[in-house]
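Student: Could you walk me through this one before I set anything up? I'd like to start with the overall fold and then go to the charged side chains.

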Amino acid sequence: MSRRPLLLFSDFNIGRSADVSIVGGEGVHFVLEDGRRVIDGSDTGAALGHAHPDIVAAIHATADAPIVNDGWYYRDREEAISELASVAFPEDPDLIGAVRFCMSGSEANDLAMSLCQALTGRKVLVTRERAYHGGSGLAREVTVQPQWHGGLSAAHGGSRPVPRGAAVRQLPKPNGARIVGGEPDVPPAQLAAVAVDMLQEAACVILDYSQGGVYHSADYQDAVAAAAARTGALWIADEVVTGFGRTGSWFAFQQGASRPDIVTLGKPLAGGACPAGAVILSQRIADQLEGQRWQTFSTFRGHPIMVAGLRAHLRVQQRDGLAQHAQELDSVFFTGLTEIAASHPAVSRVDGRGTHWTIELHGPDWRDWYADVADAPLAARVAAAALDAGALIGTSGEQTSLFLAPPLIIGEDDALRLLEALDAGLAVADAELKSRQP
C-alpha cells in the first residue's frame, strides 16, 4: 500500500497543532471538525474575522475578473491605492508616494530591503533583537527569532539553521512591559549612539512592532529613526502585523513623532480574503525613483481578488471605526490581563497594545530555543488547555510565550471569554512551575 504524501505545515503550537482540525469559521469563531465553535484568538490575518459579508460579496463580485498580471495596467489597482491613501493615510499624505503590491508581508519586506540596497548602494541590514520579518529572501535574513531560522529542527534534539547570506546587525530590543515583567529600556540618547554606530554603511533599518512580545515605545522608534537619518540609512516600518488598527492606531509608527521612509503591509491587507502585501514608499523615496524603473515582477501581485478584498476591507475599517474599537478594547485586555498576571505565578511578563498582547511564562531563555524538541513545550500545552476552555491561542512557535490577536471585530463579551480561556489554560503552567520548586 502506498504512503500518503506528507503535508508540511508550520506547527504553530508545536506538538499540538495537528490535533486541531478547522473546518469552518464565522465572525470571531472557528468551527472545529468535532463540532465545537471556539474563539479565534490567534489570527492577525483575519482582521475582519471569518466569512465577513462585505469580504464575501467583494470576492463573489470579482470572481469573473480578468487575471491581469503585474506587467499590465489594471485601473482597479490605481483606484485601490487612491482609497488606501485617503482612508489610511489622511494625516500623513507624504507617506504614500507610491505603492507596489505583493503576495505577502515576507515578500514586501524582502522587496523593501532590496530597494534600499539599490538606492543606497549598501549591503548591510539592521534589525532589532528578537525580530521577525518573514521566512524568505532578505526577510528571513533579518528574522532573528531563533525558532524561525528556516532550517531543520529534530524532535530528538538538535537544529540545522540555514546559514545567513547577508550581513545583519541587531539593535538592542526594547525591554518595557505595560503590565508586568518590564525592565528599563536603553536610554534614548544611549540607544541613538548605539544605532548610529550600527547604521554606519547600512542600507536600512527595519523595525517591527510586536514580534517576540516586544512592543516599542515612541522614544525607541524616534531614537532609531534619528540615527537612520543621520547615517543615510533608510528606515522601514514593518507593519505587517500591526497595520490597520491592530494596536489602536491605524499604524503603530504613528504613536511616535518620526515617520518612516517605507512602510510594509501584509496579513490583514485584503481583509483575510487572500494572500496580500504592499510596499508603501514615502513621497521622498518615490521622488528618488523618478526616471528609473524598479525591476521586479510577479505574476499574481495586485491580483484582482486581492484588490477587491483590500477595497472592501478599507470600507469596513472606515465605516465601523475598527482602529478606534481596538483602542477601546485596550482597557478591557489591560484590566483582564493585569488580573490574570496577578493570579498566575507562572506568568513572567505581559505586554501589548489594543488587540495584540503577549503573555510570557517563566522558563528557559528564548535565545536557545530552536524548536528542536519531541514533546509539546509549555506554551503549547497552555494553549491546548485554553482550547479545551473555548479559545484557540497561538504561540508563534515559542516555548514559553503566547499571544492574543483576535479579529478586530471582536466584542467585549467575546474578549472576556477569550481571557477566561487563557486564565483556564494558565493553570497548566502554574502546576508545572510548582512541580519544579523544591
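Predicted model: local features only at pLDDT ≥ 70, side-chain atom pairs only at ≥ 80, totals over all residues.

Student: OK, how many helices and strands does the protein chain have?

Tutor: The protein chain has eleven helices and 16 strands. Its radius of gyration is 21 Å, close to the 22 Å that the globule rule gives for 438 residues, so the chain is as compact as a globular protein of that length.

Student: And what box do the C-alpha atoms fill?

Tutor: Taken along the principal axes, the box is roughly 70 × 55 × 55 Å.

Student: What share of the residues is buried?

Tutor: Buried residues account for 54% of the 438 in the chain. The accessible surface comes to about 18,700 Å², and 52% of that area belongs to carbon and sulfur atoms.

Student: Switching to charges, how many positive and negative ones are there, and how far apart are their mean positions?

Tutor: There are 35 positive and 52 negative charges, and their mean positions lie 5 Å apart.

Student: How many salt bridges does a search of the whole structure find?

Tutor: The search finds 22. One of them joins the side chains of arginine 140 and glutamate 141, with an N to O distance of 3.6 Å.

Student: Are those two buried or exposed?

Tutor: Arginine 140 is buried, at a relative accessible area of 10%, and glutamate 141 is buried too, at 9%.

Student: What about arginine 284, which residue does it form a salt bridge with?

Tutor: Its partner is aspartate 261, and the closest N and O atoms are 2.5 Å apart. Arginine 284 lies in helix 7 (residues 283-288), whereas aspartate 261 sits in the loop between strand 10 (234-238) and strand 11 (262-265), so the pair ties together parts that are 23 residues apart in sequence. Arginine 284 counts as partly exposed, at 46% relative accessibility, while aspartate 261 is buried, at 11%.

Student: And where do arginine 417 and aspartate 414 lie?

Tutor: Both belong to helix 11 (residues 412-436), where being three residues apart separates them by about one helical turn.

Student: Last one: which residues are linked in a network of salt bridges?

Tutor: Asp54, Arg319 and Asp320 are linked in such a network.

Key: Residues numbered from 1 in each chain as written. Heavy atoms only, no water. Salt bridge = Lys/Arg side-chain N within 4 Å of Asp/Glu carboxyl O. Buried < 20%, exposed > 50% of the residue type's maximum accessible area, 1.4 Å probe, protein only. Helix = DSSP H or I, 4+ residues; strand = E, 2+ residues; numbered from the N terminus. Rg over C-alpha atoms; globule rule 2.2 N^0.38 Å. Areas by Shrake-Rupley, 256 points an atom, 1.4 Å probe, with all protein chains shown as cover. Lys, Arg positive; Asp, Glu negative; His and termini not counted. Charge placed at Lys NZ, Arg CZ, Asp CG, Glu CD.
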